[in-house]
Amino acid sequence: MKMTIQLVCFGVRDVEVGFFNSLNKYNFDLTLIEELMNDENVEQCKGADAVMIRGNCKADRANLTKLAGYGIRYILTRTVGYNHIDLEAAAELELKVARVPAYSPNAISELALNLGINLLRNIPYTTAKTHQKDFTVDAMMFSKEIRKSTIGILGTGKIGLTTAKLFKGLGARVVAYDIYESEAARGIVEYLPLEEVLAISDVVSAHVPHFKGVNDHFINEAFINKMKDGAVLINTSRGEIQDHSAILHALKENKLSGYGTDVFEGEKDFFFRKLTGEKLDDPVIEELISLYPRVLVTPHIGSYTDEALTNMVEISYDNLHAYLMYGRCENEVPLPEIALV
């Protein structure tokens, strides 16, 4: 084993540099790159032993082939999901892939809570008016109190359960739907069939993973039509589970009163880029964003907190260390079997 392990980390923002350095207990030789990995900067990995990426990094077959050609054997993603990595190509190239199975659930839960409260209380609408020195009070500012509201949680894993606890702590009734009901969640939520959750919830907050070909556009026209009129929809999970056109139509028809999201399908085309004054290529997302303050968009920052970052970096470092010391890692992503020719 080389005395010094060269690790290239992509998507490292300025505020994160100190964390990467201070948490480096294995003394890896770090190269920190602010940009996400793409077709051009992947060449900066020449001479390295491993790379650490994040969601929206371009880990397709072409770039993985380049990495393997540079002698890299380990791909670390500091994310729970790994659909940004071509796993079939990784298997063919004999690369090892590891992920972060969990990090601070509070990070995403707090964002979901804040998006819900802001839309339920019409705070963005109100502050947009006062920003223009219009201090009049109108009907749009009238709202229901959270303690008299029903919150629907879709998915009661760690993040969904933490979100449920936050809303419950404010006095709301919290109902939930999950294919696999959790004993840990039963003391916090009331499990109901999906149709009932949608019919009675003032705020519906999605916390479900995306399984390609299984729950694509789970939140669609039929789903929204089952929701309570005037409800708020929140999605801090994955953009692929929502149908943008259906959400836009529901907002324009006032079926939904508000929509808050941290994710979009195809977000890699515009998230993390400054496009002020430009139109997005996707006209539906362009129109959704234009509906502010009824639509609140954050650019995939659910995990952008001190605790979540610490978890992601520490576990990624541990994953690499385990590979180097033992040749295996408990957080290894299973790769598809490659048929022998």
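Helices (H or I, at least four residues) and strands (E, at least two) are DSSP runs, numbered from the N terminus. This is a predicted model, in which local features need pLDDT of at least 70, side-chain atom pairs count only at pLDDT 80 or more, and totals for chains, interfaces and linings use all residues. Residues are numbered from 1 along each chain as its sequence is written, and side-chain values use heavy atoms, with hydrogens and water left out.

**View 1. Asn215 in its loop.** Asn215 lies in the loop between β9 (203-206) and α8 (221-225). Is Asn215 buried or exposed? Asn215 is buried, at a relative accessible area of 13%. Buried means under 20% relative accessible area, exposed over 50%, and partly exposed in between (1.4 Å probe, protein chains only). The side chain of Asn215 reaches the backbone nitrogen of Phe211 at 2.7 Å. Leaving out residues up to four places away in sequence, Asn215 touches Pro209, His210, Glu240 and Ile241. Contact here means heavy atoms within 4.5 Å.

**View 2. Cysteines without a partner.** A disulfide is a covalent bond between the sulfur atoms of two cysteines. The rule used here asks for a pair of cysteine sulfur atoms within 2.5 Å. By this rule, the count is zero disulfides. Cys329 is in no disulfide either; its nearest cysteine sulfur, that of Cys9, is 15 Å away. Cys9 is buried, with a relative accessible area of 1%. Cys329 is buried too, with 11%.

View 3. Ala128 sits in helix α5 (residues 123-131). Its relative accessibility is 30%, so Ala128 counts as partly exposed. Pro293 is 165 residues from Ala128 along the chain. Their C-alpha atoms are separated by 7.8 Å.

**View 4. The whole protein, for context.** The protein has eleven helices and twelve strands. Its C-alpha trace spans about 65 × 50 × 45 Å along the principal axes. Buried residues make up 48% of the 341. Of the contacts with a separation of 6 or more, 67% join residues 24 or more positions apart.

How values were computed. Polar contact = N/O pair within 3.5 Å; in protein donor to acceptor, adjacent residues only side chain to side chain.
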